[in-house]
Amino acid sequence: MTRIAEGESGLKAWAFLAPALVLLSAFVVGPALFSVFLSFHDFRPFSFDLVHVGVDQYRELANSPDYRASLVATLRFVLYTVPASVVGSLLIAVFLDATPWFRSVMRTIFLLPVGISPAMAAMLWIFLFNPSVGYLNYLLSLAGVSGPAWLTDPNWAPVAVSIATVWKEIGFNIIFLLAALAQVPVELKEAAWIDGANAFRRFFHVTLPVISPALFFVMVVTAIHAFESFGQIHILTRGGPAGSTSVLVYQLFRDGFENARLGLAAAEAVMLFLIIGGVTVFQFVIGRKMEQATGVR
Amino acid sequence: MANLVLEKVVKKFGGSTIIQELDLAVEAGEFVVVVGPSGCGKSTLLRLIAGLEQVSAGDIQIDGRSVRKLSPKARGVSMVFQNYALYPHMTVRDNISFGMKLAHIPEDEIRRRVTDAAKILQLADLLDRKPHQLSGGQKQRVAMGRAMVRQPAIFLFDEPLSNLDAQLRVQMRAEIAALHRRLNSTVVYVTHDQTEAMTLADRIAVMREGRLEQFAAPLELYRNPVSRFVASFIGSPSMNFLPVSAFPAGTGMYRAEWIGFRPEHSSFVPLKSRRDLDAGDDAILLGTAGVKLVEPTGALTHVHCELAPGLDAVCEYRSEKLPVAGDEGFLKINARELMFFDGAGVRLVESGKGTKYGKGGKGK
């Protein structure tokens, strides 16, 4: 009896799962597996020649100065965006947490850019970054600083792209950290206050350790986003100038859709998957450890 | 060890007044328990003493020194919180020594005090654990250790036992009492549990709607409550209150509208054992009482009965054969123990000793 019942409920479960499974396999799992398959083949989209080349394309990537340059550009992009975004969102979140009357309005304002499409956001920044008529350099000139050629100077373009990216994504981090701050028990801060800790010490000895798992999570997610960046770069700089903003995904796009080498692009996608997968596993292991260490979830 | 004086303390939050002109004087070394229903302002009172909140008016003095404008740190108080409030990322040792480190107490002195506290509170084996590895009782002991090592002028406890299970609560209650005897420190302890209040306190402060209703030793509160509120709050099960009209004519005092008697001063007499009815001058019989609920507690049994619709009372029953719901009988009340209250709930006491009681009797 029970076995039949189990069989029935099993069938029902599959029936409920089926739509999601079909869509997921058609649009996510299938293409992902196909990418892995492609990465071992030389595939030109217009001739439909599919030649098995083994790990040749991975070897090519390992030896390609372009790919290495894009890896460096990506790491630089991560280095510019992650600390700025994490520290910035923490400062803003702490400020908003202390000013409840201000919070809901400001939270919405900071979250707005997250909702704008990357292309729109990038267009906005093109105007702001314009060296001669842009608002940014106008403001700098008021302060007596002559602003750089943001998007055409190889040294400044990565900075410009990072500024636009941090602006667009910081709202998410602020929301997440605000939630984490709200979960720090008031009694903990009060206990520390009675123990003789001033506001500064209460923050560094109590609040910060307690929210550290959330902070670490935000850091990793920001890093992953940085690895995945494409839209704003495509519009702001097209990977230039001189490849200074040609990050991994942009390089992939160029190889796949401009140079028509889908197999090579697939290999790059797999490499990117491994990098992000590695970061995720790192987050998982360390995050679990931190939660255990602090006893906070 | 220090004394604590509250003078006309007022606390307002926005438009509402939480504490209204409250006076309280706690002697050095005294264990004072503040009780009251939730919302009566007892926790706010504790937070005012701690310095977590500022008084709106009035003054707070510790050892004669006004502390109303001082930060919690400068007041020399420590507090044990209901949910322990242990720093989750620190070991037990670090939790206990955090305050001392902030106060720049020398390392070896810190170590000595932690070791002492750990010995007293049986935490010696737990010093390197994190709070989440401890049981509720152990966490509570760590919180007490943290409060203790700072050698505060006054210990504040905010419902410290309410997160523990019943058995552990009794045990921790004994430990807190023992700790107080040992340290001989001044304690202000907030709870809503009248048993905790009765067993721990030197004196109990009963609060109601932001005011101090009565401040007296536990047995004094039990024997001589000033109001119906205090009478109903102290003692378990609660005192019964019946309108004067439920009693034989002549019972009561001038202006009395309510008569109170405790379950332990009354008993249930089933109809069948009517021969017990003639119990002499000191007893009042009310009937007919219908049994609604029987609660055996082991040594004795509490019987809830109904004298008339809406007129309920709880009394004791001390016989082998328990009544069952639906049985009928009489309420036998010790007339010497009646208390009289006016319509506003104020206790009426006849000048001189004792009160006038039932059947026009005068006692002996």
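This talk walks through a predicted model with a chain A and a chain B, going from the overall picture of chain A to the sheets and helices of chain B.

A word on conventions before I start: residues are numbered from 1 along each chain as its sequence is written, while chains are lettered from A and ligands numbered from 1 in the order in which they are written. Since the model is predicted, local features need pLDDT of at least 70 and side-chain atom pairs count only at pLDDT 80 or more, whereas totals for chains, interfaces and linings use all residues.

Let me begin with chain A, whose secondary structure comes to 12 helices and 2 strands; here helices (H or I, at least four residues) and strands (E, at least two) are DSSP runs, numbered from the N terminus. Along the sequence the pattern of chain A reads α-β-β-α-α-α-α-α-α-α-α-α-α-α, and its C-alpha atoms fill a box of roughly 80 × 75 × 30 Å along the principal axes. Of the 297 residues in chain A, 32% count as buried, where buried stands for 20 or more other C-beta atoms within 10 Å of a residue's own, exposed for 12 or fewer, and partly exposed for anything in between, with C-beta atoms placed from the backbone.

Now to where the chains meet. On the chain B side 20 residues are in contact with 18 residues of chain A, contact being defined as C-beta atoms, placed from the backbone, that lie within 7 Å. Helix 2 (72-75), strand 6 (77-80) and helix 3 (92-102) of chain B are the elements that give two or more residues to this side. By class, the side of chain B that touches chain A has 13 nonpolar, 5 polar and 2 charged residues, with Ala, Val, Leu, Ile, Met, Phe, Trp, Tyr, Cys and Pro counted as nonpolar, Asp, Glu, Lys and Arg as charged, and the others, Gly among them, as polar.

Turning to the strands of chain B, there is an open sheet of 4 strands in the order 2-1-4-5, with antiparallel pairing. Strand 2 (16-26) and strand 5 (65-66) of chain B stand at the edges with a single partner strand each, so one side of each has no neighbour in the sheet. Two strands are said to pair if DSSP finds at least two bridges between them, and strand 1 (residues 4-13) and strand 4 (residues 57-62) of chain B pair in the antiparallel sense over 5 bridges, with B:V5 opposite B:Q61 of strand 4.

After helix 1 of chain B comes B:G51, with a positive phi near 95°.

Strand 3 (residues 31-35) of chain B is also mostly covered, as 5 of its 5 residues are buried. B:F31, B:V33 and B:V35 point one way from strand 3 of chain B, and B:V32 and B:V34 the other way. Strand 3 of chain B pairs in the parallel sense with strand 8 (residues 186-191) of chain B over 5 bridges, B:F31 standing opposite B:V187, and 4 bridges join strand 3 to strand 9 (residues 203-208) of chain B, which also runs parallel to it, with B:V34 opposite B:A205.

Last, the packing of helix 3 of chain B. The axes of helix 3 and helix 5 (residues 136-149) of chain B come within 8 Å and cross at roughly 25°. That makes the two helices of chain B, helix 3 and helix 5, roughly parallel, a word used for angles under 35 degrees, with over 145 counted as roughly antiparallel, 65 to 115 as roughly perpendicular and the rest as oblique. Their contact includes B:I96 and B:M100 of helix 3 of chain B and B:V142 and B:V149 of helix 5 of chain B.

By contrast, the axes of helix 3 and helix 4 of chain B come within 10 Å and cross at roughly 135°, which makes helix 3 of chain B oblique to helix 4 of chain B.

Key. Two residues are in contact if their C-beta atoms, placed from the backbone, lie within 7 Å. Axes are lines fitted to C-alpha atoms, for helices over the stretch in contact, and angles run from 0 to 180 degrees between N-to-C directions.
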